[in-house]
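Hello,

Here is the structure I said I would pass on. My notes on it follow below.

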Amino acid sequence: MGGMERLLEVMRRLRGPGGCPWDRVQTHESLVPYLLEEAAEAADALLSGDSEAMAEELGDVLLQVAFHSVIAEEEGRFTYSDVEKAIVEKLIRRHPHVFGEGEAKTAEEVKARWEDLKAQEGKREDPCGLPKGLPTLLRAYELQKKGVDPGSEEGLKRALEAGDLEEALWNLVGLFAKKGLDPESALRRRSLRACRS
């Protein structure tokens, strides 16, 4: 036994009789902060370019998938196989230009098609169509990419002159959106450089 099944067996042992007291009391809800933390640590590793750190941190994210899958399995809600099946079906469904008759020649066309298909599937988490748990800076960026109250250089100047830092930040994010640059990753990279100084 190897691969994902080995990880699932380890998690079942940790959660089972005679397993780890901490692991046994965890719930989907109690693990949410760990999922967010592990995703952030994986993002740091990916931006660092350190292959060893990338592999380790992505493993920690995979652990969260296994943990939630085993908890759900115990509750009779779903299994890891259901998780895997759902993502494989979604990837095939949302890539008709690869697995079907659709066409898409650019990354922009693919992204637009993905969003259209997502909307058709009713995957709207809130009125703006973004996950509620998205980091705020990334959420502002995604909203402005969608054309929701886009910021501008003029808006940034006006906000700074008025001392309205909230509006200034919104407009600064808007400048990133116009250039297609993710401010969350940019600020994360800059923060990492600051810590190395």
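In helix H8, the buried residues are Leu-137, Leu-138, Ala-140, Tyr-141, Glu-142, Leu-143 and Gln-144. Please keep in mind that this is a predicted model. Seven of the 10 residues of H8 are buried, so the helix is largely enclosed by the rest of the structure. What do these buried residues pack against? Their partners are helix H10 (165–179) and helix H11.

The axes of H8 (residues 136–145) and H11 (residues 183–196) cross at roughly 145° and come within 8 Å of each other. On the H8 side the contact involves Leu-137, Leu-138 and Tyr-141, and on the H11 side Pro-183, Glu-184 and Leu-187. Sorted by type, the residues of this contact are five nonpolar, no polar and one charged.

Glu-142 is buried, with a relative accessible area of 17%, because the cut-off for buried is under 20%. Apart from neighbours within four places in sequence, Glu-142 is in contact with Leu-130 and Leu-134.

**After H8**

Just after H8, Gly-147 has a positive phi of about 90°. Asp-149 also has a positive phi, near 45°, and Asp-149 is a residue other than glycine. Where is Asp-149? Asp-149 lies in the loop between H8 and helix H9 (153–162). Is Asp-149 buried or exposed? With a relative accessible area of 53%, Asp-149 is exposed, because exposed means over 50%.

**The cores**

The largest nonpolar core has nine residues in all: Met-4, Leu-8, Met-11, Leu-31, Ala-66, Phe-67, Val-70, Ile-71 and Tyr-80. Helix H1 (3–15) and helix H4 (51–75) are the elements that give two or more residues to this core. H4 supplies the largest share, four residues.

A second, separate core has six residues, among them Leu-137, Leu-138, Ala-140 and Ala-177. Leu-137, Leu-138 and Ala-140 were listed above with the buried residues of H8.

**Helices H3 and H4**

Helix H3 (residues 28–48) packs with H4 at an angle of about 160°, and the two axes are 8 Å apart. That angle makes H3 roughly antiparallel to H4, because angles over 145 degrees count as such. The crossing of H3 and H4 is left-handed.

From H3, the contact includes His-28, Leu-31, Tyr-34, Leu-35 and Glu-38. From H4, the contact includes Phe-67, His-68, Ile-71, Ala-72 and Glu-75. How do the residues of the contact of H3 with H4 divide by type? There are 14 nonpolar, three polar and five charged.

Ser-30 is also found in H3. Ser-30 is partly exposed, with a relative accessible area of 27%. Ser-30 and Gly-3 are 27 residues apart in sequence, and their C-alpha atoms are 26 Å apart in space.

Regards

Conventions. Residues are numbered from 1 along each chain as its sequence is written. This is a predicted model: local features need pLDDT of at least 70, side-chain atom pairs count only at pLDDT 80 or more; totals for chains, interfaces and linings use all residues. Side-chain values use heavy atoms; hydrogens and water are left out. A nonpolar core is a set of buried Ala, Val, Leu, Ile, Met, Phe, Trp, Tyr and Cys residues joined through side-chain atoms within 4.5 Å. Buried means under 20% relative accessible area, exposed over 50%, partly exposed in between (1.4 Å probe, protein chains only). Axes are lines fitted to C-alpha atoms, for helices over the stretch in contact, and angles run from 0 to 180 degrees between N-to-C directions. Angles under 35 degrees count as roughly parallel, over 145 as roughly antiparallel, 65 to 115 as roughly perpendicular and the rest as oblique. A crossing is left-handed if the near helix is turned anticlockwise from the far one by less than a right angle, and right-handed if clockwise. Contact means heavy atoms within 4.5 Å. Ala, Val, Leu, Ile, Met, Phe, Trp, Tyr, Cys and Pro count as nonpolar, Asp, Glu, Lys and Arg as charged, and the others, Gly among them, as polar.
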